[in-house]
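Me: I am new to this structure and would like to go through it step by step. Could we begin with one of its loops?

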Amino acid sequence: MVLVLLFFTNFAFSQEKTGVIKGKITDEAGPLIGATVVVAGTTIGAQTDANGNYSFNIAPGPYKLKASYIGFQSIEKNVTVVAGEPLTVNFSMTGVTQMDEVVISYGKQSRRDITGSVATIDAKSLEDMPVMQFGQQLQGKVAGVNVMQSSGQPGRGISFRIRGAASLATGYQPLFVIDGMPITGSINNINPDEIESFTVLKDASATSLYGSRAANGVILITTKHAKAGTSKIDFNANYGWQKLMQNRIPKTMNGTEWARFMQERFEDKVKYENFNPASIPAEYQGDVTRYGKGTDWHDLLTQTAPIQSYSLSLLSAREKSSSAVIAGYEEQEGVVINTGSKLISLRLNHDMSLANNKVKVGFNLAPSYRMDHNNRLPSDGIEGYYAKILESSPILSPYNEDGSYRIGAFSPGMTSYVNPLARVKESQDDYKTTRILGNAYANYTVLPGLTLKVNLGVDKGAETRNQYLPQVALNTSPNLSVRSTAISSSVDNYSYTGEAFVNYQKTLMENHHLEALVGYAVQKFKEENNSISATGFPSDDVRYISAASEITSATSNMTQHSLLSEIGRLNYSYKRKYLLQGSVRRDGSSRFGSDRKYGWFPAVSAGWVVSDESFMESLKAVNFLKLRASYGITGNNDFGNFTAISSLSKYNYLLNGALVQGQTIGTLGNTELAWERNKQLDLGIDIELLNNRISFTYGYYRKMSDGLIQVRSLPRASGFANIQFNIGQFEFWGHELSATTVNTTGNLRWTTNVNVSFERNLIKNLVDPGYIRRNTGILSDYYRNQIGHRLGEFYGFVHQGLYKDEEDLAKSAKYSSGSTYSAVGTLKMKDINGDGVIDDVNDRTFIGDPTPDFTFGLTNNFSYKNFDLSITMAGQVGGDILAAGKWAYLTNMDGSRVPLAAVADRWRSPENPGSGVYPRTLVNTTALGRSVNSQWIENGTYLTAKNIALGYKFNLKNNRMLSNLRIYASVQQAFIITGYSGYNPEISLSGGDAATGLGVDENAYPVPRTFSIGFASTFK
């Protein structure tokens, strides 16, 4: 009893010794959730709850309170706290987006002072999307940033392309920097729930401090850190269902339709080719309706697949330190059976202030484990298993009568196919990735305005692959006994980064502000890998290499590269109205020739805040107006580590009558091999109107990519065939427009964000003969990169329909190549050179362009009381798609593959010409249909509802456990409006690579529509 009395006495006494500050933070629309109130100069404070309220205890005395919120002008108030007496301090805030502090290269900067092209995205607005890759969240969000999802494989298929970036030998994707550390490997191990914000650096002045890695732009990712006054636990959960969009799946022939097609094909062979009727396979004789619909391979191998994610965050900030712990689990099964991906992630971010805030130290540690199941099996393209699912014979069962798998999935006359069900269901291909991202920093304020920063980072990865393909997944015929095979491989890599910088800031005579940064950086990457393949397994029950009777191959390799850099930046502003910035980076890379290892990457930019001029005072509607311009040079070193160095090869020699093996130079190096460079001009306008209710940004850029690395032929007398050389040149230019509007306020709040991008490119120079083909033959020779044309323009014959009759055939040019010829009812192509003959060299031309007229994104956010609705859409206008999978394979008239159901309406005779779209099945005439022609070209215009989310936030004012609870439902890929006949208008042969098949559709793993429900909660 005495102890209890003492406890309550002490408690009451402590209450008397402290005061309480409480209040509410609002804007014109109502409460602000997550706004921060702190005592100036400390981390003592609190964040507002779902109703905009805050409260915290503090010792009596005078204080200066500071209220802040992203996108709003900070407010300070002087208060005096009295012991035992609650003090109410309310804040009404005004939105001023130009006062935001934005993460930039090696630091932060007020948005007002930025003179380059920089875009930011708050990740909190993206939480409603149940995705395993953050790239999916960014689709349609930023002008000039094209995020494509060309494949629906779980955890894969996303590519980034900023301002049309392209190259012939190097990468096209941007550099990713996470919490200040450049990432050298995959970004698929990054849990989207760990991310707080994205900053996209697009022009040379914004990216130049990343030098030789910045030609394709830079995306800075900031992960979550605890905010001042924060002590909370967040738990988020989401569960969804992925379904194929049935109206977009190619409609191939069912059992009866396929058998009738083949029956009629053989009838036509008898009629036109003197084929012996006795040789018609029994499968296609008699009443073919006996097959009914037959086997629907697509239905057998696809499913409604679950996707789920869970995230637990513990965030706490005290006066001198803050910690954030974020644990996540994500799992996605594929819409194709027996495929999927899992990710387990953990992140620990800790920051601490010492020595009266003169020293700040911290570290970030992020281990993760990812397991991809059957995601590395080839699914996309004409040889991928998804195409085989569509093309397999529907008159065959996947199983034998005894329940075992049928070997092969082709009926007479077809190409030999593996049973796709056995291929997908019985294959085992597990790819496991363990990764640790870690970095530590220390900041020391030497003098007021003078800071020294040291940053050390490590990116450690270990990958293993265990693949086993049983006989049933490999054989096409019982008579061809292909043995089971296995692969066991591993990759071990690491990258370390060390950086040291000195930053100095000084304001002179009140109006002149200077900021200087100088530093040194080093980065090294090393990777070792090995692989072993085996066959001859006694049983499929034991699938390890040790059980194999024969090792078929074994490899072991090592690669590495390093980078040494010095950087410098100087910013100057006068009255924060006239802005000037200069920066330079000098990189030395091990990847380049010994004479050209070092490169300089300078940039300069300027800005003028016009709205601060006296002549603007009468324009009350204009709250902010800034003009900016920049010019700079960046580089691209994302190519082979040893390309510049001569390499040895083994050769056989005849010495004294005996065959002897020796070594000599096999490929010739180039000591002059240098950086690919981007020289870029950028002009921009930023404006805010009507009390910041309308924000608008316009940007124009023009960049020249030169010194592009190509293979250059050498005279044979040199002893070598070619050498890598800096020759190519591309030009890019475009316009970017972004607008954000606050349409309504009050109980119903509606905001809109829209962005539009116009991108163009032109090939200025290439190695002789001035063009690059995809293939040396005409089959699959989809595109040609040629001087004077845009990247990836489609190249082929000009389709003119079918030869209607003998008269049409007689007066028209005809095709003849080998055994292939033209006849009535076959494809008719244009005679480009007018010589009366259709040939492969003179009658092919440019027939399409994958570059769209413009791309766009549109996001509308609505909130009414406790309800919220978000709609994100993206799309493009113009841009062609080359539907190779459809026209070369799914309309193949030679009976080797199951075609589209529409092919039934084909030409069979002058009296029965069909729809006029599909030619006859006459032998030695169908090959031309597999050659690229303008019939394959379709309009790629589309509009996609990327995400629609509806949420409800509960009122929890008196809840003792929860401070926030929101439930929501969302739909991704809710609808696609397009005239394109294929499944996915974002399709491409090589992701977003404009130089290697942009807009080419050879079929790919389908991108599903996803329905999901979830909740986000915050515990006190």
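Me: Where is Asn1003 placed?
Reply: Asn1003 is in the loop between β53 (976–978) and β54 (1009–1019). Strands here are DSSP runs of E with at least two residues, helices are runs of H or I with at least four, and both are numbered from the N terminus. This is a predicted model, in which local features need pLDDT of at least 70 and side-chain atom pairs count only at pLDDT 80 or more, while totals for chains, interfaces and linings use all residues. Residues are numbered from 1 along each chain as its sequence is written, and side-chain values use heavy atoms, with hydrogens and water left out.

Me: What is the phi of Asn1003?
Reply: Phi is near 75 degrees there, a positive value in a residue other than glycine.

Me: Is Asn1003 buried or exposed?
Reply: Asn1003 counts as buried, at 12% relative accessibility. Buried means under 20% relative accessible area, exposed means over 50%, and partly exposed lies in between (1.4 Å probe, protein chains only).

Me: And Glu510, what is its phi?
Reply: Glu510 has a positive phi of about 70 degrees although it is not a glycine. Glu510 lies in the loop between β26 (485–508) and β27 (512–535), and with 73% relative accessibility it counts as exposed.

Me: Which peptide bond is cis?
Reply: The bond from Asp768 to Pro769 is cis, with omega near 15 degrees. Pro769 belongs to the loop between β37 and β38 (771–773).

Me: On to sheets. What is the strand order in the open sheet of 3 strands?
Reply: The order is β43-β42-β45, and the pairing is mixed. Two strands pair if DSSP finds at least two bridges between them.

Me: Which strands stand at the edges?
Reply: β43 (820–821) and β45 (837–838) do, and each has a single partner strand, so one side of each is left without a neighbour in the sheet.

Me: How is β42 joined to β45?
Reply: Strand β42 (residues 814–817) runs parallel to β45, and 2 bridges join them. Tyr815 stands opposite Ile838 in β45.

Me: New topic: how many cavities of 30 Å³ or more are there?
Reply: The structure holds 10 of them. On a 1 Å grid over the protein atoms alone, a cavity is a set of points where a 1.4 Å probe fits but cannot get out, and lining residues have an atom within 4 Å of a point. Grid points are joined across faces, edges and corners, and a volume is the space filled by probe spheres set on the points.

Me: How much space lies in the largest cavity, and which residues are closest to its centre?
Reply: The largest cavity holds about 490 Å³ of space. It is lined by 40 residues, of which Asn146, Met148, Pro852, Thr855 and Gln876 are the closest to its centre. Elements that give two or more residues to this lining include β13 (145–149), β37 (748–765) and β47 (854–864). The largest share, 5 residues, comes from β37.

Me: How does that lining of the largest cavity divide by class?
Reply: It has 17 nonpolar, 16 polar and 7 charged residues. Ala, Val, Leu, Ile, Met, Phe, Trp, Tyr, Cys and Pro count as nonpolar, Asp, Glu, Lys and Arg as charged, and the others, Gly among them, as polar.

Me: What about the second largest cavity?
Reply: About 190 Å³ of space lies in the second largest cavity. Its lining has 22 residues, and Val131, Gln136, Gln149, Gln972 and Thr1010 are the closest to its centre. By class, the lining of the second largest cavity has 8 nonpolar, 12 polar and 2 charged residues.

Me: Finally, how many aromatic pairs are there?
Reply: There are 28 aromatic pairs. Rings of Phe, Tyr and Trp (its six-membered ring) pair if their centres lie within 6.5 Å; planes under 30 degrees apart count as stacked, over 60 as edge-to-face and the rest as tilted.

Me: Why is the pair of Phe266 and Phe275 tilted?
Reply: Their ring planes are at 45 degrees, with the centres 5.5 Å apart, so the pair is tilted. Phe266 is buried at 7% relative accessible area, whereas Phe275 is partly exposed at 23%.

Me: Which residues form an aromatic cluster?
Reply: Phe134, Phe160, Phe176 and Phe198 form one.

Conventions. 1 Å grid on protein atoms, 1.4 Å probe; cavity = no way out; pocket = protein on both sides within 12 Å on 5 of 7 lines; lining within 4 Å.
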